[in-house]
Amino acid sequence: MQMPQKSTVFVDLSAATMAACGAPYGLISNAAIAVIDGLIDWVGPVADLPESYNSLPKASLGGRLVTPGLIDCHTHIVHGGDRAVEFEMRLNGATYEEVARAGGGIASTVKATRAASEAQLLADALLRVDVLIAEGVTAIEVKSGYGLDTDTELRMLRVARAIMDNRPLIVKTTFLGAHATPSEYAGRADAYIDEVCIPTLRAAHTEGLVDAVDGFCEGIAFQPSQIARVFDVARELGLPVKLHAEQLSNLGGAKLAAQYGALSADHIEYLDQDGVIALANAGTTAVILPGAFYTLRETQAPPIDVLRKHGVPMALATDINPGSSPLNSLLLTLNMGCTLFRMTPEEALRGVTQNAARALGLTDMGTIAAGMRADLAVWDIKHPAELAYRIGFNPLHSRIFSGGIS
């Protein structure tokens, strides 16, 4: 669903542009934002507003703070069922790996997702999407990976595409066929990659359903050599890659991602310095996912200080999924990134704007600057640090999508 594009000059606001302008948060007080045909045409102090914009209608934002629209760059928002019982199992002592090896975990969601119709998957996904929209989110990534057969993987990707037809939201789709080995291929992971995963990727690409390709590089999932075969096909098809890497152990997934020039390496709790340097050299974004860390009660935190030292861009995301991160709040994710991992509020906000856009390969959003989409969030707060500071509080006043208030 695309909102009508607008031409307006927004005034009476402060703008946390997240652009590199010297001030923290790229903050401009007493700012104006000129929008033409859904794109930002000018931003700066209202006193410097060029006369050429005088003919455009003005819209006062009542002195509120404006940020780029938030971006959730790692979600599994399309899925069937839930895993509340497994949540209880883990609280009673079972590890994530033990649950997975007992047939739970991803396998249980695969069963529920395969049984769900396209209409049901979409209806359930929209409930989750609406919560994000209500927090100022204007773009999300949606992964497949709970089908693990051709029909269901394609169904999930079609549902992800359909979200944009039903809500004012940008959706980027990611093929995650290499998420787990389905039960019918137990003990035959290589056969699954060759007979199901790669042919399904080709089919999804032919149907125009894929923006990027992901994999789960972990002992309970796939080895680097298996992921590399999928990434080789992605490269052949001209698709960028990203990777679930170093979440539970260090198999060298981040280095593999860097070798393929990946958009992002996600989770990375067990990432070492060599892996950080590889990401830095490749220009790959590190996506930090505190929801899974929190839910699984992990103790190995991602190496935030080392990432900072080597200048690796850090994004934050909910990782919305039914098992390891049933977290449906990007605002809470900001607080968790700061509280659990000692990110600064500015790093956290940049992680769901500028760097989240980078993690998705989006070059027209994530900052408030000329030429960017006029996708903005308007907040009833005075300082951007409040977005990470408060817990369970949503100060969103309104969203602006394609220049129109929604």
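These are my notebook entries on what I looked up in this predicted model.

**Entry 1: ground rules**

I number residues from 1 along each chain as its sequence is written, and side-chain values use heavy atoms, with hydrogens and water left out. Because the model is predicted, local features need pLDDT of at least 70 and side-chain atom pairs count only at pLDDT 80 or more, while totals for chains, interfaces and linings use all residues.

**Entry 2: a record with four positions**

I started with UniProt, where an unreviewed entry gives the annotation "binding site" to H74, H76, H244 and D319. UniProt positions are in the numbering used here, feature names are shortened, and annotations may be inferred rather than shown by experiment. Why can I say that they gather at one spot? They span 246 residues in sequence, yet no two of their C-alpha atoms are more than 12.3 Å apart, so they do gather.

I looked up H244 next and found this residue in strand β9 (residues 242-245). Helices (H or I, at least four residues) and strands (E, at least two) are DSSP runs, numbered from the N terminus. H244 is buried, with a relative accessible area of 3%. My cut-offs are these: buried means under 20% relative accessible area, exposed over 50%, and partly exposed in between, using a 1.4 Å probe and protein chains only.

Which residues does H244 touch, not counting those up to four places away in sequence? Among them are H74, H76, K143, D214 and H267; a contact means heavy atoms within 4.5 Å. The side chains of H244 and H74 also make a polar contact at 3.3 Å. That term stands for a pair of N or O atoms within 3.5 Å; within protein, one must be able to donate a hydrogen and the other to accept it, and residues adjacent in sequence count only if both atoms are side-chain atoms.

D319 sits in the loop between β12 and α12. Is D319 buried or exposed? At 1% relative accessibility, D319 counts as buried. Leaving aside neighbours within four places in sequence, its contacts include H74, H76, H267 and S324.

**Entry 3: a second set from the record**

The unreviewed UniProt entry also places a "binding site" feature at R83, Y146, H179, Q247 and S324. From this set, H179 is part of the lining of the largest pocket. On a 1 Å grid over the protein atoms alone, a pocket is an open set of points where a 1.4 Å probe fits, with protein on both sides within 12 Å along at least five of seven lines; lining residues have an atom within 4 Å of a point.

I found H179 in the loop between β7 (170-178) and α6 (189-206). H179 is buried at 4% relative accessibility.

S324 lies in the loop between β12 (314-316) and α12 (330-341), and 6% relative accessibility makes S324 buried.

**Entry 4: along α12**

I followed the chain on to α12. S329 caps the N-terminal end of this helix, with a side-chain oxygen 3.5 Å from the backbone nitrogen of L331. At 1.5 Å a residue, the 12 residues of α12 should span 16 Å, and the end C-alpha atoms are 16 Å apart, which agrees. The expected span is 1.5 Å times one less than the number of residues.

How many of the 12 residues of α12 are buried? The count is 9, so the helix is largely enclosed by the rest of the structure. L330, N335 and F341 are among them. Just after α12, R342 takes a positive phi of about 65°.

**Entry 5: salt bridges**

I counted 17 salt bridges, each a side-chain nitrogen of Lys or Arg within 4 Å of a carboxyl oxygen of Asp or Glu.

E184 and R114 form one, with the closest N and O atoms 2.8 Å apart. E184 lies in the loop between β7 and α6 and R114 in helix α3 (residues 106-115), so the pair ties together parts that are 70 residues apart in sequence. Both are partly exposed, E184 at 38% and R114 at 27%.

R308 and E347 meet in another, at 2.6 Å from N to O. R308 is in helix α11 (residues 304-309) and E347 in helix α13 (residues 345-351), so this pair links parts 39 residues apart in sequence. R308 is partly exposed at 32%, whereas E347 is buried at 19%.
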